[in-house]
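This briefing looks at aromatic rings and the residues around them. Please have the sequence and the structure open as you read.

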Amino acid sequence: MRQPLLLPPPSRCRNDPDPGGGLRAGGLSSSSLKASYEDWLMSYGLSISPFHMRWQTALFNRLFYSWGRWKPRFLYLWFSIGMVFGIVAMFGSVVLLGKTLMQTLTLMITEAPVVQNDRMLQVVVPGVNLPISQLTYFFTAILISGIIHEVGHGVAAIRSSVWTSTSLMDCIASDLREQVRFNGFGIFIFIVYPGAFVDLFTTHLQLISPVQQLRIFCAGVWHNFVLGVASLIVLFLLPAILFPFYYTGVGALVTEVTEDSPANGPRGLFVGDLVTNLQDCSVRGVEDWNSCLGEISQKTQIGYCINAATLQQLSSPARVYRRLDGTVECCSNSSLTDICFSYSNNLDSHLYACLPARKAIEASQVCRTNMDCQKDFVPSLCVTPSLENQTRLIRVKHPPHVDMLFVGHPMHLQYTVSLSSFVPRHNFLSIDLPVVIETMCKYLISLSGALAVINAVPCFALDGQWILNSFLEATLASLIVEKQNRELVGFLILLAGSALLAANVALGLWLVTAR
């Protein structure tokens, strides 16, 4: 929210002589050309400076005024609730930033590995902890969150009136004039980050009561919170909303396989495949896919039941040796289809066999011990792939195709294959639409929530500065009579809040980039 009233600089006639005696081109001085350029920009509401471009317009003023006069009683209650939320958010943001700072310092001191989900607030750096492919969602969500934030300020300012009556209905019936003039709405780009602002007349803001100021200043963070909650509701109800067009709960639909993915190949995964199982873990959607891969990576490699006669037939003689990490290898390094399996029988508990992976485990049930394979009185053994410590052999079922056999770290499969829980009911429906809606909702929840938290911090140049000043005026005027003393208290709090926010940003940036 911008408070100062922007006044255009005095115009100068283009034919006036150049006061600086500058060079002339085609009869016009450089100063005249600059003035003409600035006039042209101003006529369209544009302002351009290094790393910053801004556009302001009064085209939406009528719309803002119509919103501000819609259902006065409801808007009064709405922004009163927002005022309470904004005050609570101001204190809560300080607690949250303090907790985040302690977590960051603990990670720095202990040099523990960074787990992204452990910290509620994180610095986002495109290309580092934000995939380049997600930048469109990121910037769109920032812009939408910023617009909704400023719409809250603008409507609250227009709605602001001098409430002199004792009852709500009397206040509404008074139909008093708005006290804060709304000059315009605009959008800006700072470096590469988009945002929005409203231009309010400062003198009018200073004339209204501190409580009315709080309604205006808290409206931005309140609207960001509401946007986050609305996005969460849409995300939760998305299966029901899209039910006439998409069904869920039958598997994870492959929407993209990167070129460098281990799952890319003739017997790999293709766009449109429906994954139903990872090993013995059932997959009914994307959440199951992620949880199954996490479980597979944390547990030891699972085995497969093989008939003893089949094992004898498929196994080939090989030299057994240990890798550098202590695991055993018994197949030739040049083999692309064979894998070393370990097993045990009644006589020896450490036996190894080099087997063709697909023939050995295709259509085999999974197992942990030989007891899991004793069925139908057929002698069978549980053979387990002997792989490097973090490597897993994963059987991926995606009927009607042949099972995909993946050998590698489970996270490589997770990061290089994109899936959706929504399966189209008709061929003409896009498989990407639910993913786009789902991803945008997640970004709106995250970024709109973050914008609410950051703006509520009592910090210079943020909404928290004006919320704090108005809050102190409304609560401490009787305790601290001198206005200068109240301003000093506010200044010290703002100084501490600014330092807290700066420390979080600086250390969070270091945590993301340096580690």
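Over the face of which residue does arginine 425 lie? Arginine 425 lies over the face of phenylalanine 243, at 4.5 Å from the ring centre, where a charge counts as over a ring if NZ of Lys or CZ of Arg is within 6 Å of the ring centre and within 35 degrees of the ring normal. This is a predicted model, in which local features need pLDDT of at least 70 and side-chain atom pairs count only at pLDDT 80 or more, while totals for chains, interfaces and linings use all residues. Residues are numbered from 1 along each chain as its sequence is written, and side-chain values use heavy atoms, with hydrogens and water left out.

**Charge over a ring**
- Arginine 181 lies over the face of phenylalanine 201, at 4.5 Å from the ring centre.

**Aromatic pairs**
- The whole structure holds 19 aromatic pairs, for which rings of Phe, Tyr and Trp (its six-membered ring) must have centres within 6.5 Å, with planes under 30 degrees apart counting as stacked, over 60 as edge-to-face and the rest as tilted.
- Phenylalanine 138 and phenylalanine 139 form an edge-to-face pair, 5.3 Å centre to centre with 65° between the planes.
- The ring centres of phenylalanine 138 and tyrosine 193 are 6.3 Å apart and their planes are at 75°, so this pair is edge-to-face.
- Ring pairs also link Phe60, Phe64, Tyr65, Trp67, Phe182 and Phe185 into a cluster.

**Burial**
- Phenylalanine 138 counts as buried because its relative accessibility is 5%, given that buried means under 20% relative accessible area, exposed over 50% and partly exposed in between (1.4 Å probe, protein chains only).
- Tyrosine 193, at 32% relative accessibility, counts as partly exposed.
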